[in-house]
Amino acid sequence: MKKKWLIRLVFSVLTLLIVSILSFMIIEFAPGSPISRYADNPKITSADRERIIRHLGLDKPTSVRYFIWLKNVLRGDFGLSYMTGRPVLTEILARLPATLKLMLFSFFISVAFAIPIGIYAAMRRNSLPDVLISFISYLGISLPSFWLGLLLIYIFAVKLQLLPAGGQLTPWFDSSAFPLPVRPAAVFWEHLRHLLLPAATLSFGNIARWCQYLRSSLLETINENYIRTARAKGLNSRTVVYKHALRNAITPLITVIGLNMPAFFAGAVITEQIFSWPGMGQLFITAVFARDYQVIMGITIITAAMVLLGNFLSDILYAVFDPRVEYRG
Amino acid sequence: MRILTRNKLAFTAAIVLLLIIGAAVFSPLIATHDPQLITLKPDKICRPPSAEHYFGTDDLGRDIWSRIVYGSRTSLVVAFVAMFTAVLLGTACGTVAGYFGGIIDVILMRLVDIFLSLPTVFFLIIIAAIFKPGSLGIAILLGLTGWMGIARMVRGQVLSLKEREFVEAARALGYSDRRIIFAHLLPNVAGQIIVHANLAVAGAILTESAVSFLGLGVQPPQFSWGTMLYAAQDFVLLKNAPWTAIFPGLAIFVTVLCLNYIGGALRDAWDPKVKNSGESAGF
Amino acid sequence: MPEILLNVKNLRTVFLTSNSRITAVDGIDITIGKGEIVGLLGESGCGKTAVALSLMKLITPDEGAISADSMQFKGRELLLCSEEEMCRIRGKEMAIIFQEPMAYLNPAFTVGEQIAEAILVHSPMKKKEAWEKAVDLLKLVQIPGAVNCAAAFPHQLSGGMQQRVLIAMALACSPELLIADEPTTALDVTVQARIMELFRRLQQERGMSVLLITHDLALVAGIASQVYVMFAGMIMEKANTREILSEPLHPYTRELLLSLCYLEKQEQRPENLKSVKNISGIQPGCRFHRRCSGAMTICSKTVPPLVDFGRRSVRCWLYGKGVG
Amino acid sequence: MLKKYLKVILLVFLASTILVSCQRQEVSKPLVWGIPYDVETLNPLFTEMAVETDILNCIFSTLIKVNDKQEFVPDLLAEMPQISEDGLEYSFTLRQDVKFHDGQELTAEDVKYTYEMKMAENNAVPDRYIWERIDTFRVTDKYNFKIKLKSKDVTWLENLAYANAMIVPKHILEEEFNAGGNAVSKGGDFSRNPVGSGPYKFVEWKTNEYIKLEAYDDYYRGAPAIKEIIFKVAGDSNSLLAQFAGGEIDIYDRAEANQYGELLQLKEEKDIEVYKYPSYVYLHADFNLRNPIFQDKKVRQALNYAFPKDSFIENVLGGVGIAAHTYIPPWSWAYNPDVKKYDYNPDLASELLDEAGWLRGEDGVRVKDGVRLEFTINTNTGDSIREKFEVIAKQEWEKIGTKVNIQNYEPGTLVGDILQNVKFDIIVFAWKSGFDPNAENLWHSQQRPDLFGTGQNYIGFADQRVDELLEAGLQEQAREKRISIYREIQQILSEEAPCIFVYFYNDLTAVPSGLKNFKPNPTQANNTWNIWEWELES
């Protein structure tokens, strides 16, 4: 079994390599170049341009640049950003925590809401609450996050002024202004109140999708015969649902959630933009527009690695929840 | 048709969807105005819904009702083509990988991983730059970049289904792989596929709008519900002329809703497991 | 007549589907005495399983509804028992063995866990003790390598093993009434015999009653004292085993007896709830009249009443002059 | 269990809300300035972004400044430089009371070092344009230096007023320069910990969150009144508006035109002031003169006549903008009020096309010599105003018998490919004029990048008279003579109509009404140019 996972790991690394080659080629074929940002700067002379191209190492052929890049990456050096001149890794690491914080919190929120709501809807299927839940879910699925985000900002930040419209922390927030006993609560709240709106925006669609998945999957499971066995043992309906049905119903959800990892990143790009969240999303967009190859490659590789990790974890979880898969697979 | 009448809700949904499709086909008959007609007069710009303009006008004085009617053409084509592409690719890949396993599985799943981790944005930019796709092109692109989820889901389902007794029985009876896949496996995965397909339609309508922002999707003067919604995402517009955002949003919502109800009924008809539980609505 | 354990009067079970109602059990009476083994005989789709589920009140409101004049178990009226009370009865006082073992075992848990769970629900015990008891139970049902088996997942076991696991699970709390729905279909003849032997032993040692539901007359013949013959949701004949075997009254019972003589190997038809559907769209008259060689005019018009002959009863126009 | 679960969530939320209401006691809040995105560097040697200028204005000083009346005033200099008769040599005298934030005195050596840094071979500074014109740089004593230009250029001095001519400290950069192998990096230590001589000291830069500055008490003009300034990154214009409305930022600079109404409405509710003032940025639709269709002046004029410029400004921009008729804004001293103005006149446009020989074909599209009058407009995606320009232009131009296609590109592609490789028919984007009317890079025939590899004359405009005038304008010192030079250039440009000058932007800035001495500055000096003077009355 260990060997199996090891092989999987090797394949993941190979996948990363292929992704890096493809990305490099794709970027290379994209119109525009890192110096196209100077096209509208009247102060740049053609000599300036050539000098910058040389400095960035862009005068070398693509394949040579790829191998230089690869060699450096293997040593942990992702190069310097063309935009800021700082190491790509530094740039990414400066933003990754914020992105992860938002993603993990939203993930937690999504799971925390989707699972009970999904169970509730399945248990009372076709009742009024279920119909309402599915209605809201469809709304969540058909509402674009940029729209929802703006709406939330308008209500909670502009009108009610309850929560901040953006940012991760108030720049002048000073925890020492609070007496010691409430200080942890104050810090916690300071973090939480900034997280609430973006996390809600990022989670709404997920909650909608996941709870409907779970509902449908639970309904299928509840019709399984082993549920009857469980009830025949004298288990109360709660145990039957939470232990026997849920355990089996959750497996398809795990795949869906694992697959949502890239979507989470994509969603984060828009959410981060709307809520001025200091994460990677904005870095990626500006890097794309500025054709900052180094940053793009860095983010691509790191997110690809995270996506692979997510898939890997979801596969492990899948095997844990559904022992049949492990058996022959 | 017999499938649908089983369930009044699904029946209603089917009628509504037919109406929407009808609107797309017969746009010129249903639209009250030229959807592209810009009227730069203060009394025409951002007007609320009225007898003249059922859904009001947008910030260039265009009739929103007519734009929604015409916009359905782009949106539906993009959504359905994207969905079919994704479902076809995903199901094929997932079934083959899950059923045959071994090296085929490994290769196909690595392919999925690669596609999942590629920077889709770049992919889209380049293809858009090279081919200048119209709405059909975008639809196929969206399908090509969105099949991986379905593939993994189908594979997972097939993996656990093929351990089930009926598949083993079928195999023991010497049925061909093709017969087992089409007669035994796919009908059992169909429920989940329909769920995914439904989501894919909604996803495609929305992704198209976001992608347009990057310069890869439907560009003016062409428009879709998604781009209408995107154009209305402005804070000021949202506050002062909410109908510019509400009606395209509603159009998407109703379509998604209908598809889901129909999908639910189709799945009931398809999936033997849920049949006798009286399960009707929902995914 | 021993002390009565279960007494059911006029049990009706209706299943709901999205477009119709199916009466799977149509007014049957069953009485089981303490320490008695009673057979419920009938072919696939006759509603046997529905009876089993109804007795345990395991039919959910979504699936259908049960009704009866009374359902007395140990002097308690089950119809009046809340779901909570039923939970206490199920598995402890009344247990059930399903056929199709693979489908009735949860694929996500080891069989040991599933058996231990059945024990833990009803008795305060440490998990480890329960596990040990589960292993004992597996030994009891003749599973070779019970310790390994307990740690296995259902899909890792053969059909016969799975069936025995289900039996072990049902026996976990030494129930007073065991409802065994085709308990030995998946087992080969020797194991089948051993299981029957086990039932008999438990009956004698612990005074356990068994409702043995099967299509296999031979199985019933060997073990049951009373036999109910069921066809299309109704009891056709009730008698003690000897009488049934020696002097079957109902044409259907006779048919069953004949088939026992001629068929060496019983066809193992999978039977489950879905086949109950066959009953829908019932014609008036005796349920059996279409297959009956001696059908009369009245048979196709009116349902015959259950004619009571004291110790035995039969539902056939041949034997009683009912109404009309 | 479900209910309990939901209850707990609700409880946490309620408790948090109560907590926040208790927390509402305002701590001494700094002045918060919203910026739409994070800056790239705080090293003025490498700066390119307007937002960077906002911040660098606080930290660094320049030799001279451009004030809100668009006049040169000395900053680090004791007085404006003396210019020799031939216009080649500039003599500078520095103030003697300027100290960097670390207490070291700012001297002529620092100025020279700044120049040397710009010119250092290994430094990847984006532009050397202004510095390359220097022939010699001579430090005469601690506070005096002389610069001699290679050739006469009356516009040269202006460049010294902006962010990329800010003076950096030699004693600090030297170390990095030597350690970096005769190079400093755009992302080097100095760019994240800048030390300047401006009114504010750098405190903290949290990537993509905020940059914090505090008052420099030893500033030579005296300690600034506002003690702390934070430049807070706020995503985009929607976010900026929301954060401004929610009180999270105090100053919203460069608001969008369509937000003007909203800001005025906010003014009713809050204590704010909204400034609307003309800017040097103008939107234009360039004709690609390499395309035979556009080589005929009459076609270009017709398209100019057929676009309803005034209606566009009134209805799409809500009046936040001023019609442009040339690249020089109406409030510039060089503006020519008598240029040809293309007021909306579709009939005249049709006539012009008829005259040019473009006659309507069967489908209503004009044809000449078998060529249809069909072309494509490009702009960058994500800019709703430009997209609106396109659809309006399409509607109006098709009325006069053309076929218009629209094709937009993601910004990187538009600039890097379509513009740079002049692959467009008509391209819509904006330029920012300098406040000096010189625009050699746009109109001189030697500045066509496809032919000469330099310049921004993407239109491909070539007019001998304009070339001469542009060259003369650089040599001429006297204001009156320059006026007549640039008036003639504008005359020719408006007649030739190489593009549609659409409108000059109006800049919008919303500030707390208690902010004193806020003097908006539409030049590249930006609005923080006089930040030392600001005071905040509550």
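Visitor: Which side chain meets that of Glu247(C) in a salt bridge?

Guide: In this predicted model, Glu247(C) lies in the loop between helix H10 (241–246) and helix H11 (251–262) of chain C. The N to O distance is 3.9 Å, and the partner is Arg312(C).

Visitor: Is Arg312(C) buried or partly exposed?

Guide: A residue under 20% relative accessible area counts as buried. Glu247(C), at 48%, is partly exposed. Arg312(C) has a relative accessibility of 7%, so this residue counts as buried.

Visitor: How many residues apart in sequence are the parts that Glu237(C) and Arg312(C) tie together?

Guide: These two residues form a salt bridge, with the closest N and O atoms 2.5 Å apart. Glu237(C) is buried, at 0% relative accessibility. Because Glu237(C) belongs to strand E11 (residues 234–240) and Arg312(C) to the loop between strand E12 (307–308) and strand E13 (313–314), the parts tied together are 75 residues apart.

Visitor: Which residue of chain D forms a salt bridge with Arg54(A)?

Guide: Across the interface of chain A and chain D, two salt bridges are found. In the one that involves Arg54(A), the closest N and O atoms are 3.7 Å apart, and the partner is Glu121(D).

Visitor: How much area do chain A and chain D bury between them?

Guide: The contact draws 65 residues from chain A and 68 residues from chain D. Carbon and sulfur atoms account for 56% of the buried area, which comes to about 5800 Å².

Methods: Residues are numbered from 1 along each chain as its sequence is written. Chains are lettered from A and ligands numbered from 1 in the order in which they are written. This is a predicted model: local features need pLDDT of at least 70, side-chain atom pairs count only at pLDDT 80 or more; totals for chains, interfaces and linings use all residues. Side-chain values use heavy atoms; hydrogens and water are left out. Contact means heavy atoms within 4.5 Å. Buried area is the accessible area (1.4 Å probe) that two parts lose on being put together, summed over both. A salt bridge is a side-chain nitrogen of Lys or Arg within 4 Å of a carboxyl oxygen of Asp or Glu. Helices (H or I, at least four residues) and strands (E, at least two) are DSSP runs, numbered from the N terminus. Buried means under 20% relative accessible area, exposed over 50%, partly exposed in between (1.4 Å probe, protein chains only).
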